[in-house]
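This report describes the structure shown below, taking the domains and their interface before individual residues and salt bridges.

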Amino acid sequence: MPWSFRSSTPTWLRMSSCSWEMTYNTNAQVPDSAGTATAYLCGVKANEGTVGVSAATERSRCNTTQGNEVTSILRWAKDAGKSVGIVTTTRVNHATPSAAYAHSADRDWYSDNEMPPEALSQGCKDIAYQLMHNIRDIEVIMGGGRKYMYPKNKTDVEYEIDEKARGTRLDGLDLVDIWKSFKPRHKHSHFIWNRTELLALDPYNVDYLLGLFEPGDMQYELNRNNVTDPSLSEMVTVAIQILQKNPRGFFLLVEGGRIDHGHHEGKAKQALHEAVEMDRAIGQAGSITSLEDTLTVVTADHSHVFTFGGYTPRGNSIFGLAPMLSDTDKKPFTAILYGNGPGYKVVGGERENVSMVDYAHNNYQAQSAVPLRHETHGGEDVAVFSKGPMAHLLHGVHEQNYIPHVMAYAACIGANLDHCAPASPAGSLAAGPLLLPLALFPLSVLF
């Protein structure tokens, strides 16, 4: 249906606190998702393209990794006895989720197949390997990325004739079997690969869950197979039901990562529908948790060069045309445009006439000012919305790496515990407030 400005407000805009964060990487004015994920999960700024390491690590240089590893708030929560989880619509070893558990000089080292021989010989491990070995007791892992867990050329369970879906690993390891082997026999562990299996679970009888629903990234929400692929909100619901059984609380990282991909492809309609599903997930998380003991933080890792303008009237479809022609080339233009990207088109030496194409199509690539195969990120500050205990600490303008320290302070985890409740009779600090979820999405999609 056509989208227009309406009186309803996205869930995140109704949160009690709002602030801004500066997203630059230590070596980049306009950041990438690896360095930013390290900032808002590990609490330190990092170089572009690196995850879970300090700025002393240089991208793609394995020998600069050792000694420069940094831990994430997911690790801090686990060390404090809380349950932890990761839910994403990208690969589970993509830039954002990987900063929660991995330490890698290159975000693209998804499996050993993507690593250079020098890095392998120097002892660096791929990100999928680290997912299974670095923090072995992550209770919930859901997203895409099946092919990185299996030996080279192993046939995918879903796409049997698709060569691109086959396993990638050169070391011959079956990381799903390794994941299973690490789980205690008296615990209930489940590996699943489709929506039917997910919805058939009884979360109260699940201790560990690994759900890998696609060989690579999950499908866009508009393209999703309702039989094989769960929605983000469905994954979040099951994850919380599993994690909240822990009386000490939990941390859940939720990423609507395909919003970013839609923008890179210049497909605004795909990106915005991903944002709507992210909003549903945020609302669902709020409906099954308590504001009294749950800190929820919703933010972005970065923005995009995505614009919305043209003096459109109220009620106009946001995927529609501006109510005027260009006063330069006398052609119509859409309300949504990009600063750069694949939507740049010249026909007969002039800008394409968009009235001659289906600009409402799901995969329409909005016009851009500069031709690029992939649209880029933006460098401006992005908003942070929060609610729950200590949400007031997220106000004003902060460095991006401030975020995990606020969450740790609120949950009484990590290094700074001086403000926490006195020791319990058992000798440990009393449990702090629960912590869920950290939800991430590019805020350039606000409408």
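## Domain arrangement

The C-alpha centres of domain 1 and domain 2 are 35 Å apart. This description rests on a predicted model. Domain 1 is assigned to residues 11–305 + 380–411, and domain 2 to residues 321–370.

## The interface between the domains

Contact between the two domains involves twelve residues of domain 1 and 13 residues of domain 2. About 980 Å² is buried between domain 1 and domain 2, and carbon and sulfur atoms give 49% of that area. On the side of domain 1, G266, K269 and V305 supply 47% of the area buried against domain 2, more than any other three residues.

Six residue pairs are in polar contact between domain 1 and domain 2, counting pairs with both residues at pLDDT 80 or more. Helices α9 (258–264) and α10 (268–287) each supply at least two residues of the side of domain 1 that touches domain 2. The largest share of that side, four residues, comes from α10. By residue class, the side of domain 1 that touches domain 2 holds four nonpolar, five polar and three charged residues.

## K267, in the loop between α9 and α10

K267 is placed in the loop between α9 and α10. K267 counts as buried because its relative accessibility is 17%, and the cut-off for buried is under 20%.

The side chain of K267 is joined to that of E265 by a polar contact of 3.3 Å. Setting aside neighbours within four places in sequence, K267 is in contact with G262, Y338, N362, N363, Y364 and Q365. Of these partners, Y338, N362, N363, Y364 and Q365 have numbers that fall within the 321–370 range of domain 2.

## S111, in the loop between α3 and α4

S111 belongs to the loop between α3 (95–98) and α4 (117–121). With a relative accessibility of 0%, S111 counts as buried.

A polar contact of 2.9 Å links the side chain of S111 to the side chain of T168. Not counting residues up to four places away in sequence, S111 touches D126, Y148, T168 and R169.

## Salt bridges

The structure holds 20 salt bridges. One of them joins the side chains of D32 and R107, with an N to O distance of 3.0 Å. D32 lies in the loop between β1 (17–22) and α1 (33–42) and R107 in the loop between α3 and α4, so this pair ties together parts that are 75 residues apart in sequence. Both D32 and R107 are buried. A network of salt bridges links E48, R59, D106 and D108.

A further salt bridge is formed by R280 and E277, whose closest N and O atoms are 2.8 Å apart. R280 and E277 are separated by about one helical turn because they stand three residues apart in helix α10. In general, an α-helix has 3.6 residues a turn, so residues three or four places apart point the same way.

## Helix α11

Helix α11 (residues 403–411) is largely enclosed by the rest of the structure, because seven of its nine residues are buried. The buried residues of α11 are I403, P404, V406, M407, A408, A410 and A411. C412 follows α11 and has a positive phi, near 55°.

Conventions. Residues numbered from 1 in each chain as written. Predicted model: local features only at pLDDT ≥ 70, side-chain atom pairs only at ≥ 80, totals over all residues. Heavy atoms only, no water. Domains from an automatic or database assignment. Contact = heavy atoms within 4.5 Å. Buried area = accessible area lost by both parts, 1.4 Å probe. Polar contact = N/O pair within 3.5 Å; in protein donor to acceptor, adjacent residues only side chain to side chain. Nonpolar A, V, L, I, M, F, W, Y, C, P; charged D, E, K, R; others polar. Buried < 20%, exposed > 50% of the residue type's maximum accessible area, 1.4 Å probe, protein only. Salt bridge = Lys/Arg side-chain N within 4 Å of Asp/Glu carboxyl O.
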